[in-house]
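Trainee: Can we go through the charged pairs here? I'd like to know what stands behind each label.

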Amino acid sequence: MQGFRSQPARAYSTILSVDNTCLVEPSLPAPVTSSWSAKLPDKYCRIEISRGTRRCQPDGYKMYRLLAPGPWFRSVGPDEFQRRYQDEVLPHLDPAKTFIELTTIAAGRIAALLCFEPPEPGPLWCHRALVSVWFQECLELNVFEVGQECSGCGRRHPKLPQSVA
């Protein structure tokens with residue numbers, strides 16, 4: 001897997017905000033990843049990064065469709081999925097701006113980036129792991145899977161396809 005780094009790595013505590021003012025806020029919480037099926041405490045703001053929303057979600061979830069995969073998401077294997085996600089989705093996004101937008105959407109809570117794939121046991125990969133790699137390689141921001149923090153983040157994220165790790 002080629003790297004996501006499209007710009008020099010920057011620490012998330014000193015990135016520029018959307019209006020180009022400097023954020024020197026080391027206490028900004030890093031986002032986490034999880035599944036729609038996960039029971040999350042109120043400290044997390046549920047933010048959809050999937051192509052759809054799971055039915056019967058409680059009120060208050062948010063959407064960030066810019067990180068959703070393309071319409072090909074169910075028709076390709078892990079290697080092709082990763083290639084397309086890296087070539088067709090992430091190049092159109094600025095990681096620092098994306099982090100600021102997710103933090104703003106979360107409004108003081110921790111942004112929980114959600115998709116359908118369940119935590120283990122379940123399918124062994126999900127695009128939320130590619131988001132974790134992207135943030136780590138571009139911003140040095142560690143994005144862990146809720147409940148599987150000991151597994152790691154970025155290239156050690158538990159939902160990263162083995163062929164990509």
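**Salt bridges and their labels**

Mentor: By the rule used here, the count comes to seven salt bridges. The rule asks for a side-chain nitrogen of Lys or Arg within 4 Å of a carboxyl oxygen of Asp or Glu. This is a predicted model, so local features need pLDDT of at least 70 and side-chain atom pairs pLDDT 80 or more, while totals for chains, interfaces and linings use all residues. Residues are numbered from 1 along each chain as its sequence is written, and side-chain values use heavy atoms, leaving out hydrogens and water.

Trainee: What makes Arg-83 and Glu-80 a salt bridge?

Mentor: Their side chains meet at 2.6 Å, N to O, and the cut-off is within 4 Å, so the pair qualifies.

Trainee: Why is Asp-87 called partly exposed?

Mentor: Buried means under 20% relative accessible area, exposed over 50%, and partly exposed in between (1.4 Å probe, protein chains only). Asp-87 has 42%, so it counts as partly exposed. Arg-83, at 36%, is partly exposed, and Glu-80 is too, with 27%.

Trainee: Which residues are linked in a network of salt bridges?

Mentor: Glu-80, Arg-83, Arg-84 and Asp-87. Within it, Asp-87 and Arg-83 meet at 3.1 Å, N to O.

Trainee: How do you know whether Glu-145 is buried or exposed?

Mentor: Its relative accessibility is 0%, so Glu-145 counts as buried. Arg-128 also has 0% and is buried. The side chains of Glu-145 and Arg-128 form a salt bridge at 2.9 Å, N to O.
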